[in-house]
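I opened my notebook to look up charged side chains.

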Amino acid sequence: MSEQRNNDKIIFIKAVIEIKVFVPTYFDKFRCIADKCPDTCCVGWEVDIDEETAEKYSKVDGDLGNKIRKHLTHDETGCNIFTLCEGDSCPFLNNCNLCEIQAEKGENFLSKTCTLFPRFFDDFGSFREMGLGFGCPEGAKIILSEKEPFALKPYDECDCESTDIDEQLLDTLTTLRNGIFAVLEKNELSFKEKAKNILDMAKKVQRELDGDDFTDETQHRDFGTCLTILENMEYISVERREFIQNLKTKTLSSNALNIYQSDFEKLMKYYIFRYLLKAVYDYDVLTKVKYGIFASIVISRIYSCFEFLDFETRVKIMYSFSKEVEYSDMNMDLLDEMLYSSFGTEDLMSLI
């Protein structure tokens with residue numbers, strides 16, 4: 001970061017550097033299927049509009065321009081958003097489940113948020129990683145269909161602001177992640193054995209980071225505690241909230257973890273890829289690993305509610321869970337807090 005003085009004011013300028021971008025090998029398979037999608041990313045979420053796109057939208061003429069200016073406003077933090085219509089839908093979602101802006105102006109006219117989804121990215125000093133989120137039906141289908149071991153490939157280069165990062169910790173996390181992926185590829189191990197190995201590996205790293213402050217106390221939590229966490233979350237879909245609530249009245253087993261072990265191994269790879277390296281910023285390694293274990297426990301119980309699970313149903317369960325939990329800051333903060341303070345690794349292992 002450089003420093004400049006302007007009329008006795010100090011202005012800090014972050015250096016912009018060129019970094020490499022890496023993606024999973026399945027990344028390029030994604031294509032939005034638009035009106036053929038069984039769900040929509042245009043309902044239930046606040047539509048954020050970046051400054052560059054807002055400026056572009058301000059110059060659109062005709063009926064579309066008038067409609068854009070009618071719905072373009074600011075939230076309480078001053079960010080540009082579209083006001084949502086009845087049913088919390090984007091005002092530009094038409095009766096054919098298509099975007100009016102894209103239909104009239106093309107995909108390049110969409111905001112950065114709309115263009116990016118379901119892709120996500122995170123920067124780690126000298127490189128960026130991009131992936132596909134499970135919250136999209138097509139993204140979930142691609143991830144669950146993948147038959148090759150998880151691997152990253154060079155994708156592109158981009159400019160971003162330089163950030164200070166703990167390179168030693170990043171190396172430790174990368175080594176841990178590779179080790180976890182190796183465990184998940186061992187065909188001779190059950191899911192429970194893999195989960196134990198993974199948690200033990202994460203605990204070792206966390207213990208080294210925390211020293212005498214490390215704690216992993218057993219809280220004697222049961223599956224009801226998992227449901228309590230989920231019940232306290234905010235939901236896009238009333239039906240999905242009610243389904244979670246009704247799990248209390250069902251007889252649930254964890255056999256699905258063994259019957260559909262491949263699904264849950266891919267789910268774990270997704271969570272480990274998406275979240276583990278983020279511990280370089282908060283040093284909370286173990287909780288990042290618990291995300292995937294928790295999701296596997298809950299989704300396996302949801303699987304057990306169905307007498308027969310075809311591939312499409314399993315995809316729907318997976319993307320529905322991700323869409324409700326992962327795409328809400330409030331929900332992720334709640335999950336983070338509960339997994340950190342209320343679920344020891346032994347508690348999670350007892351539920352597998």
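I call a residue buried under 20% relative accessible area, exposed over 50%, and partly exposed in between (1.4 Å probe, protein chains only). I note that this is a predicted model, where local features need pLDDT of at least 70, side-chain atom pairs count only at pLDDT 80 or more, and totals for chains, interfaces and linings use all residues. Residues are numbered from 1 along each chain as its sequence is written, and side-chain values use heavy atoms, with hydrogens and water left out.

Entry one: salt bridges. I counted a side-chain nitrogen of Lys or Arg within 4 Å of a carboxyl oxygen of Asp or Glu. My search of the whole structure gave 20 salt bridges.

I looked up Asp-282 and Lys-288 next. Their closest N and O atoms are 2.7 Å apart, a salt bridge. Lys-288 has a relative accessible area of 5%, so I put it down as buried. Asp-282, at 40%, is partly exposed.

Then I checked Lys-203, which forms a salt bridge with Asp-216, with 3.4 Å between the closest N and O atoms. Lys-203 is in helix H7 (residues 191-210) and Asp-216 in the loop between H7 and helix H8 (223-231), so the pair ties together parts 13 residues apart in sequence. I found both Lys-203 and Asp-216 buried.

Helices here are DSSP runs (H or I, at least four residues), numbered from the N terminus.

My last pair was Lys-141 and Glu-312, a salt bridge with closest N and O atoms 3.7 Å apart. Lys-141 sits in helix H5 (residues 137-145) and Glu-312 in helix H14 (residues 311-325), 171 residues apart.

How values were computed: Helix = DSSP H or I, 4+ residues; strand = E, 2+ residues; numbered from the N terminus.
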